[in-house]
Amino acid sequence: MMAQLTYQGHGSLRIVSAAGAVLYLDPFAGEGYDLPADLILVTHDHHDHNRVDLVTKKPDCRIITFREALKGGEYQDFLDYGFAIRAVPAGNQNHDPACCVGFLITVDDKKLYAAGDTSTTEAMAGFAQLGLDWALLPIDGVYNMGPEEASRAAALIGAAHSVPIHMKPGALFDEEMAARFSAPGKTVLRPGETVTL
């Protein structure tokens, strides 16, 4: 088995490693919380990102929120269950950068950037040299950057696959918004869809 990513909708996703370790990021939307979690990541404390109560948890499940990830103004690194995790900057006028993070996640030699709720950050300019396989970017244009800015951010980041998420307040997914996102390696995932990393 290879590592797999399931997009649950809105800003929520699940990653299962080749060894079967289970990570959830920003649980809130959709289905698929029945696989017991080893790790739960929470980018910030808004209600549509932090429903850890939805997730079935293993007894030793580790929850890493922005509080642990951004400690004393320093972005932290974690290594758990085969996932190497690095917190990175996130934020905009609706999201205080002191209370928000994105995550760079490496599992089974695949590198993902889960941006969280954000607009373009200075840190994104350095991501191209990381050789990212996947970048998941919010595009709603209400609380975060819109599809045009997200398209520019995706070009800056240069991931092999750029995935629009967090498309419309109150919606798991929005076809019209997804169509407005344009990037090299554009990959549209619909809620409940699973891909091999």
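The model is predicted, so to speak of local features a pLDDT of at least 70 is needed, side-chain atom pairs count only at pLDDT 80 or more, and totals for chains, interfaces and linings use all residues. Residues are numbered from 1 along each chain as its sequence is written, and side-chain values use heavy atoms, with hydrogens and water left out.

Starting with the big picture, the chain has 3 helices and 14 strands (DSSP runs numbered from the N terminus, with H or I over at least four residues for helices and E over at least two for strands). Along its principal axes, the C-alpha trace spans about 40 × 35 × 30 Å. Buried residues come to 53% of the 197, where buried means under 20% relative accessible area, exposed over 50% and partly exposed in between (1.4 Å probe, protein chains only). Of the contacts (heavy atoms within 4.5 Å) between residues at least 6 apart in sequence, 49% join residues at least 24 apart.

The largest pocket has a volume of about 220 Å³, and among its 14 lining residues His 10, His 47, Asp 48, Tyr 143 and Pro 169 lie nearest the centre. A search of the whole structure also turns up 1 cavity of 30 Å³ or more, and the largest cavity holds about 60 Å³. On a 1 Å grid over the protein atoms alone, a cavity is a set of points where a 1.4 Å probe fits but cannot get out, while a pocket is an open set with protein on both sides within 12 Å along at least five of seven lines; lining residues have an atom within 4 Å of a point. Grid points are joined across faces, edges and corners, and a volume is the space filled by probe spheres set on the points.

Finally, Thr 187 sits in the loop between helix H3 (175-180) and strand E14 (193-196). Thr 187 counts as buried because its relative accessible area is 18%. Leaving aside residues up to four places away in sequence, Thr 187 touches Trp 134, His 161, Ser 162, Val 163 and Pro 164.
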